[in-house]
Amino acid sequence: MKFEDILKEVNHVDLDEATPVEKDELGSGADHHVYPSKHNPKVVYKLGSEHAIDFWFDMFKSNPKVFPVVYKRGKTKMRLKKDKVVFKDTGFVRLKAGSIEPVDYVEMEKLDAKRAETEWGLLNEAIIDITEGQWDFQDYVIHFALFEGSKLKPDVALMVHVIDELKSGYPSEHGMILRFLDLIMEIKKINKHPDLHMYNFGYDTKGALKCLDI
Ligand SMILES: Nc1ncnc2c1ncn2[C@@H]1O[C@H](COP(=O)(O)OP(=O)(O)O)[C@@H](O)[C@H]1O
Ligand SMILES: [Mg+2]
């Protein structure tokens, strides 16, 4: 076989692995579709427009402790399940359901997003309890993120009260909130306006909490 053919074959494997044909999606948001690898349970493929992936790729690549480790970036195609409005070149265009679109893919470390979602839910319950319905964990996160390096005044007294009550009455939730808040401080050093919500976190196999979407 010629070298060129070998290259083609390698590329073909990539394309096949990253192309979401008859594969169950692991998750998706507004900008990306994420699929498990067929061959490696530790790996996922995140597909999105070149523009969408440009936005975070370098950030992920240079911060493997905060984001999933990225292994490889490439080009593939995917069939759209529904109409989608995307930014292309100079403006927004509507792509039709069923059309096959070129996308970029990134092969990356698979995180346990379920565990992070469960913990977020437990923190919601505990914080609603402690604040008698004033705040859930999302409110806490918003205040915490504003507080970090901003002139805006969050309710610091309530934030401290929540931490104290978690520490004395909810020891495992106390451990969880410290993991989230420590990570959010790291994320904010990299991006001042991150997208901090329940579905954007996951644990790696060593038990480190990471951010899977910025
Ligand atoms: N590295 C990953 N490991 C496991 N699941 C992931 C990973 N990245 C994304 N996901 C899943 O896919 C969903 C959508 O991915 P996300 O990066 O949040 O895309 P979007 O930018 O469109 O919101 C996530 O909420 C999560 O459930
Ligand atoms: Mg997301």
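This is a predicted model: local features need pLDDT of at least 70, side-chain atom pairs count only at pLDDT 80 or more; totals for chains, interfaces and linings use all residues.
**Ligand 1.** I counted 21 residues around ligand 1, and Gly-27, Gly-29, His-32, Val-34 and Asp-213 come nearest. By type, I get 10 nonpolar, six polar and five charged residues in that shell. Next I checked which strands contribute: strand 1 (27–28), strand 3 (43–48) and strand 7 (100–109) each give at least two residues to the shell. Both domain 1 (6–110) and domain 2 (114–211) put in at least three residues each.

**Helix 6.** Then I moved on to helix 6, residues 171–190. Its 20 residues stretch 30 Å from first C-alpha to last, close to the expected 28 Å. Which residues of helix 6 are buried? I found Glu-173, Met-176, Ile-177, Phe-180 and Ile-187. Looking down the axis of helix 6, I see these buried residues fall within an arc of 95°, so they line one face of the helix. On the face turned away from the buried side, I noted the exposed residues Pro-171, Gly-175, Asp-182 and Lys-189. What do the buried residues of helix 6 pack against? My list has helix 3 (113–130), helix 5 (156–169) and strand 9 (209–211).

**Trp-120.** I call Trp-120 buried because 20 other C-beta atoms sit within 10 Å. Setting aside neighbours within four places in sequence, I have Trp-120 in contact with Phe-137 and Met-198. I also checked Asp-136: it is 16 residues from Trp-120 in sequence, and their C-alpha atoms are 9.7 Å apart.

Key. Residues are numbered from 1 along each chain as its sequence is written. Chains are lettered from A and ligands numbered from 1 in the order in which they are written. Helices (H or I, at least four residues) and strands (E, at least two) are DSSP runs, numbered from the N terminus. The expected span of a helix is 1.5 Å times one less than its number of residues. A residue is buried if 20 or more other C-beta atoms lie within 10 Å of its own, exposed if 12 or fewer, and partly exposed in between; C-beta atoms are placed from the backbone. The arc is that of the directions from the helix axis to the C-beta atoms. Two residues are in contact if their C-beta atoms, placed from the backbone, lie within 7 Å. A residue is near a molecule or strand if its C-beta atom, placed from the backbone, lies within 6 Å of it. Ala, Val, Leu, Ile, Met, Phe, Trp, Tyr, Cys and Pro count as nonpolar, Asp, Glu, Lys and Arg as charged, and the others, Gly among them, as polar. Domain bounds come from an automatic or database domain assignment.
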